[in-house]
Amino acid sequence: MEREIIFSNDVKVFLTDLVDILYSKNYFGFEEDAKSYVQEIVFYIMNFDFQVNIYETPENFKKFGRKFFKYKANNNTSWYIFFDQKEHRVLINHITNNHSQDFPDLL
């Protein structure tokens with residue numbers, strides 16, 4: 001059976017807002033570059049095999065998902081993707097990065 005990846009509404013909003021945030025804070029000089037960056041995150045998630053490099057979420061972060069994996073976007077930024085999985089369905093619940101004040105470096 002083919003795997004189904006579902007993004008929560010909160011994650012969809014976050015990814016849309018992330019483009020504006022990255023561009024407005026001058027992380028990217030062009031809005032298209034910010035869009036490409038966010039598309040790379042989504043592409044990574046969609047192609048992730050969900051078999052290896054999966055970590056149990058620490059108890060104090062379980063509200064974001066029981067498991068997570070890491071996407072290293074560049075030398076400065078790693079993204080943490082929290083999810084729950086039941087059989088072939090994967091629900092992406094939350095995405096944050098190592099720059100977030102709410103999350104210490106998880107790995």
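1. **Basis.** This is a predicted model: local features need pLDDT of at least 70, side-chain atom pairs count only at pLDDT 80 or more, and totals for chains, interfaces and linings use all residues. Residues are numbered from 1 along each chain as its sequence is written, and side-chain values use heavy atoms, with hydrogens and water left out.

2. **Fold.** The protein chain has two helices and five strands. Helices (H or I, at least four residues) and strands (E, at least two) are DSSP runs, numbered from the N terminus. Their order from the N terminus is β-α-α-β-β-β-β. The radius of gyration is 14 Å, close to the 13 Å of the globule rule for 107 residues, so the chain is as compact as a globular protein of that length. That radius is taken over C-alpha atoms, and the rule is 2.2 Å times the number of residues to the power 0.38. The C-alpha trace spans about 40 × 30 × 25 Å along its principal axes.

3. **Burial.** Of the 107 residues, 36% are buried. Buried means under 20% relative accessible area, exposed over 50%, and partly exposed in between (1.4 Å probe, protein chains only).

4. **Salt bridges.** The count is four. The criterion is a side-chain nitrogen of Lys or Arg within 4 Å of a carboxyl oxygen of Asp or Glu. Glu4 pairs with Arg89, with the closest N and O atoms 2.9 Å apart. Glu4 sits in strand β1 (residues 4–7) and Arg89 in strand β5, so this bridge ties together parts 85 residues apart in sequence. Glu4 is partly exposed at 32%, and Arg89 is partly exposed at 45%.

5. **Bridge to a loop.** Asp84 and Arg66 meet at 3.3 Å, N to O. Asp84 belongs to strand β4 (residues 78–86) and Arg66 to the loop between β2 (55–56) and β3 (67–72), so the pair links parts 18 residues apart in sequence. Asp84 is partly exposed at 22%; Arg66 is exposed at 53%.

6. **Bridge within a helix.** Glu32 and Lys35 form a salt bridge at 3.5 Å, N to O. Both lie in helix α2 (residues 31–47), three residues apart, about one turn. Glu32 is exposed at 52%, while Lys35 is partly exposed at 33%.

7. **Aromatic pairs.** Rings of Phe, Tyr and Trp (its six-membered ring) pair if their centres lie within 6.5 Å; planes under 30 degrees apart count as stacked, over 60 as edge-to-face and the rest as tilted. The count comes to 15 pairs. Phe28 and Tyr37 have ring centres 5.2 Å apart and planes at 50°, so they are tilted. Phe28 is partly exposed at 22%, whereas Tyr37 is buried at 11%. One aromatic cluster is formed by Tyr44, Phe48, Phe50, Phe69, Tyr71 and Phe83.

8. **Largest pocket.** Its volume is about 490 Å³. Of its 18 lining residues, Leu22, Tyr27, Trp79, Asn97 and His99 are closest to the centre. The elements giving two or more residues to the lining are α1 (9–24) and β5 (89–97). On a 1 Å grid over the protein atoms alone, a pocket is an open set of points where a 1.4 Å probe fits, with protein on both sides within 12 Å along at least five of seven lines; lining residues have an atom within 4 Å of a point. Points are joined across faces, edges and corners, and the volume is the space filled by probe spheres set on them.

9. The lining of the largest pocket has nine nonpolar, eight polar and one charged residue. Ala, Val, Leu, Ile, Met, Phe, Trp, Tyr, Cys and Pro count as nonpolar, Asp, Glu, Lys and Arg as charged, and the others, Gly among them, as polar.
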